[in-house]
Amino acid sequence: MGFRFTLESANTVANLTCGRIYSCYDGIYSSYENYEGFLHFLETFSENIYSNRNDIILYDIYRIKKTIKSLGYQEKKKDVIEVFRNKSILNELRQLSLIFDECRVKSLLLPSLGCKESNYMDDFMTSEHTIHKLFHWHPDNSCLILQPQERLYRNSITIFDAFPNFDIALKQVDLWPAVMFWDRNDDFAFVPVKSKSDLMELYEMLYFECNSIAQIKRFANRRKESSYYFFHLSDLHFGTRNIDVTERRLKSLIKTQLSTLEFDDKVDFIVTGDAVDSPSKVNNDKYIDFSDFLESKSGKEPIFVLGNHDVNRIGLAFNHNNQTLANTVGRYPKIEVNDEIKVIFLLFNSNTNGHLAEGEIGYEQMTEMGNILDKVNDIWKYKLVAVLHHHVAHIEKPDFYDERWYKKILSKDFLENSLRLIDADLFLEWLKAREVKLVLHGHKHIPVISELDGIHIISCGSSTGQITHKDRRKTYLSYNVLKFTKDNVVCTQFAEELLGAGVKDIRSVVIEY
């Protein structure tokens, strides 16, 4: 059975396919616009369904549409308990869901991401002619074939998050066009396709292999190419209380994350400062042990930049000359060149000046980095990524975050100014002139992905959970995983609030480079 859907109805289709009736109901009645959109979805249902049971299905659709129209739009009141959802509507939505949910295997076609003014070789992924051909192999409930009617764009792909395991597909967006397969037993396969014949072969295989996703996986693994990942960690603060517990947890999460990658995938680590809470031999030795652990997992020493806590006692400088050590340690600025993925990491020391926890890059570093880049042959072939400790754009405090007692008695402006990068505006201007499209940093202990004047800025939280949570029993341990591809960087941010309860994917973003 096949179904073509618009991007506007993607969330509804995902909820119906997975039998999430309450979610579907809440989405429809969250606004009058959504309610009208759902009625249009039902009006055009007959044009988009492909099944050998069309007569029965369309009769059900007629009845469902009649019931929902007759009951009209029911505004959801904030104080009304959810148990008062209309039972008649819930029953009709359940019947609608069964049309999709009865299929033993479900699949979703994923065309390559769209760009303006581009010609695509994979237009077959959204072509109505394609679903006609696929329908030949699966006219009944052996497999559901979901096909978007239009190409996806970077700012629209998050509407597909409701589909099961879509986060796995999103992390491999560089391999699209592709197909997602899943079944009721949560078995899942992601399969890139290069041509229409590849696509036909998949669904033919599924027909003859008795709907076996295992066979689809074997087919996909034979054709998979290796990928390159970077784990972005920050603000470890070795030397703080309970660091032994959180370090152990972070190591376990890294091992688990690595186990999800393919054998021939490659991994590197980036640490954006504050490895220690105060510079001392004991704390430095603890970080070196942790760095050795990271090196054992990647075969390379982690890329590292200094944070304010790495050069100042408890991270605070009380006069400008107190940070002179930071000018020479590590010989900043410097670059790390990765020829495999054609990326150059520009490593800056943002601790060369400033009071308290302020930072500065300084025109000397910008000048010297320019001298270094001018010596790189064929630099136009490389993506440039800036790496520093201090944040270059304002970061809002999240709901879970609680200020320490001494911060609560200080003004918000004073706190922000005491942490800032003094020359952020000048530095951003330099980055834009050098066509740097991506910045990695730490410092604020808050994971954020933002965009400023065409530059994507990725902030890592504290990877050992060094934050003050409003619930004192919790923390916010976080790290980023970046997958570098030819045209994109896929960044996924992970966090765990209750240690040991399981890390969550808090956001995934595709950055076109």
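**Close-up views of the predicted model**

**View 1. Helices α11 and α12 are roughly parallel to each other.** The term covers angles under 35 degrees, while those over 145 count as roughly antiparallel, 65 to 115 as roughly perpendicular and the rest as oblique. The two helices, α11 and α12, pack at an angle of about 5°, and their axes lie 12 Å apart. Axes are lines fitted to C-alpha atoms, for helices over the stretch in contact, and angles run from 0 to 180 degrees between N-to-C directions. From α11, the residues E247, L250, K251, I254, K255 and L258 make the contact, and from α12, F290, F293, L294 and K297; contact means heavy atoms within 4.5 Å. Sorted by class, this contact of α11 with α12 has 6 nonpolar, no polar and 4 charged residues. Ala, Val, Leu, Ile, Met, Phe, Trp, Tyr, Cys and Pro count as nonpolar, Asp, Glu, Lys and Arg as charged, and the others, Gly among them, as polar.

This is a predicted model, in which local features need pLDDT of at least 70 and side-chain atom pairs count only at pLDDT 80 or more, whereas totals for chains, interfaces and linings use all residues. Residues are numbered from 1 along each chain as its sequence is written, and side-chain values use heavy atoms, with hydrogens and water left out.

**View 2. An open sheet is formed by 6 strands.** The order is β9-β8-β7-β16-β17-β18, with mixed pairing. β9 (303–305) and β18 (504–512) stand at the edges with a single partner strand each, so one side of each has no neighbour in the sheet. From one strand to the next, the twist averages 20°. Strands β7 (residues 228–233) and β8 (residues 266–272) run parallel and are joined by 6 bridges; two strands pair if DSSP finds at least two bridges between them. Opposite F230 stands D268 in β8. Helix α11 (residues 243–259) lies across β7, β8, β16 (477–484) and β17 (488–496), at about 30° to β16. Helix α12 (residues 281–298) lies across β7, β8 and β9, and runs at about 155° to β8.

**View 3. Strand β1 (residues 2–5) has its residues buried.** G2 and R4 point one way from β1, and F3 and F5 the other way. Buried means under 20% relative accessible area, exposed over 50%, and partly exposed in between (1.4 Å probe, protein chains only). β1 runs parallel to strand β4 (residues 143–148), to which 4 bridges join it; R4 stands opposite Q147 in β4. With strand β2 (residues 49–50), β1 pairs in the antiparallel sense over 2 bridges, and I49 in β2 is the bridge partner of F3.

**View 4. R20 lies in the loop between α1 (10–17) and α2 (21–28).** With a relative accessible area of 28%, R20 is partly exposed. Apart from its neighbours within four places in sequence, R20 is in contact with A14, N15, A162 and F163. The C-alpha atoms of R20 and A162 are separated by 9.9 Å, although the two residues are 142 residues apart along the chain.

**View 5. Helix α9 comprises 13 residues (residues 196–208).** At 1.5 Å a residue, α9 should span 18 Å, and the 19 Å between its end C-alpha atoms agrees with this; the expected span is 1.5 Å times one less than the number of residues. Buried residues in α9 include D198, L199, M200, L202, Y203, M205 and L206. The chain contains 18 helices and 18 strands, where helices (H or I, at least four residues) and strands (E, at least two) are DSSP runs, numbered from the N terminus.
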